[in-house]
Amino acid sequence: MIVVAVAAALGLASAGAGAASAAPVTRAPAPVAAAVPSAPVTGTFTDAAGGTGTFTGTFTPAKFVAQNGDLLATGKLTGTLTDSSGTALGTVDQSVNAPVAIAQATCRVLDLVLGPLHLDLLGLTVDLNQLHLVINAVPGPGNLLGNLLCAIAGLLDPVPGAGALAALLTVLLALLGQL
């Protein structure tokens, strides 16, 4: 879908198609909007009778914005308010800004599992049950060693999107070859 949008934006789909041109005109299909996943939203409130009512709905993000140093998701909230007796009080369908919580990421540095071990060294015996050692580095401001180890641990990770970028380049080269 990205390729079609890029080709259409660059005018490659109809390039060279003039009134005097004998080459057939091919048109790219209209770009298709990517589906944005919705997140379920639930909550409770105190209704007029003093009971606990519920809200059940979804939030569909449209964009993310920074406001006063905070990250906010702007999108559409839809759902239904139901009182404690089960009666639907009304529906919600409006745009809202919601704060986004960012989980602290860690980098796996070492995950070592040693099975049970029995050593007999000239009369000295050592018995060790299974050992599972996990070392994680936590990056962030002031975490010098965590930042360094995460950078080192990520050196050999594949670059995300590299396959999609190569496919886009292949399609663009094929389009240019047809001109």
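A residue is called buried when its relative accessible area is under 20%, exposed when over 50% and partly exposed in between (1.4 Å probe, protein chains only). This is a predicted model, in which local features need pLDDT of at least 70 and side-chain atom pairs count only at pLDDT 80 or more, whereas totals for chains, interfaces and linings use all residues. Residues are numbered from 1 along each chain as its sequence is written, and side-chain values use heavy atoms, with hydrogens and water left out.

Asp83 is buried yet has no salt bridge, and Lys76, the nearest side chain of opposite charge, is 25 Å away; a salt bridge here is a side-chain nitrogen of Lys or Arg within 4 Å of a carboxyl oxygen of Asp or Glu, with Lys and Arg counted as positive, Asp and Glu as negative, and His and the chain ends not counted. The side chain of Asp83 does make a polar contact with that of Ser85 at 2.8 Å, a polar contact being a pair of N or O atoms within 3.5 Å, of which, within protein, one must be able to donate a hydrogen and the other to accept it, while residues adjacent in sequence count only if both atoms are side-chain atoms.

Asp83 lies in the loop between β3 and β4, strands being DSSP runs of E of at least two residues and helices runs of H or I of at least four, numbered from the N terminus. The strands β3 and β4 pair in the antiparallel sense over 11 bridges, where pairing requires that DSSP finds at least two bridges between two strands.

| Strand | Residues |
|---|---|
| β3 | 70-82 |
| β4 | 88-99 |
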